[in-house]
Amino acid sequence: MTESDAIKLFKSLADKSRLMILKSLAEQPMYVELLANRLNLTPPTISFHLKKLEEAGVVNSKKEQYYTIYSLKESILNAKILDIIKEESSEKEVQEEREEQYREKVIESFFEYGKLKSIPVQRKKKRIILEEIAKAFELDRIYTEREVNITIADYHDDFCTLRRDMISEKILTRDEKGYQLIKKD
């Protein structure tokens, strides 16, 4: 399901009259006049809502003599909302580009000549700064606390705070052997 299909689906369901129509159609397929009598709405109102539901792919219609019979399209309604949300966005590349631009802007703001000017207060910015410093560490190598401090001190004098922040942000891990860079997903 595309994003525009998902938006149509959610918009079509965000109306009390349409939900009442769907509940009626869940019991059995019906035509406009029967739905109008049952729900105490006018046939043009029912037709309007059925058109919206049909555009969203929630209902099917078929001609039977003089009447158009509407029924639920259960395959759409059986889709899990989580599955719809998890589908890849058509704007994913644009979003990633925006994130990268933001990241570069933060790095430019807080670093000068390779040194950290100040430690950001905002967690998101601090995370970006810590990830930038983490590039100085090698994967699968165990560091002593002294080595970690010396590496971080190349960026900022408050290496203790930054080291602790890297542990709490799960960028570095610490055990009895020493410190190690955690692989990113």
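Ala, Val, Leu, Ile, Met, Phe, Trp, Tyr, Cys and Pro are counted here as nonpolar, Asp, Glu, Lys and Arg as charged, and the others, Gly among them, as polar. The model is predicted, and local features need pLDDT of at least 70, side-chain atom pairs count only at pLDDT 80 or more, and totals for chains, interfaces and linings use all residues. Residues are numbered from 1 along each chain as its sequence is written, and side-chain values use heavy atoms, with hydrogens and water left out.

Pockets were located on a 1 Å grid over the protein atoms alone, a pocket being an open set of points where a 1.4 Å probe fits, with protein on both sides within 12 Å along at least five of seven lines; lining residues have an atom within 4 Å of a point. Grid points are joined across faces, edges and corners, and a volume is the space filled by probe spheres set on the points. The largest pocket holds about 280 Å³ of space. Its lining consists of 14 residues, of which Arg-127, Glu-131, Ile-182, Lys-183 and Lys-184 are the closest to the centre. By class, this lining of the largest pocket comprises five nonpolar, no polar and nine charged residues. Helix H8 (residues 123-134) contributes the most to it, with three residues; helices (H or I, at least four residues) are DSSP runs, numbered from the N terminus.

The second largest pocket contains about 240 Å³ of space. Glu-96, Glu-99, Glu-100, Tyr-102, Arg-103, Lys-124, Ile-128 and Glu-131 line this second largest pocket. Two or more residues of this lining are given by each of helix H7 (92-110) and H8, and H7 supplies the largest share, five residues. The lining of the second largest pocket has two nonpolar, no polar and six charged residues.

Glu-132 also lies in helix H8. The side chains of Glu-132 and Lys-135 are joined by a polar contact of 3.0 Å, a polar contact being a pair of N or O atoms within 3.5 Å, of which, within protein, one must be able to donate a hydrogen and the other to accept it, while residues adjacent in sequence count only if both atoms are side-chain atoms. Apart from neighbours within four places in sequence, Glu-132 is in contact with Arg-103, Ile-107 and Phe-111, where contact means heavy atoms within 4.5 Å.
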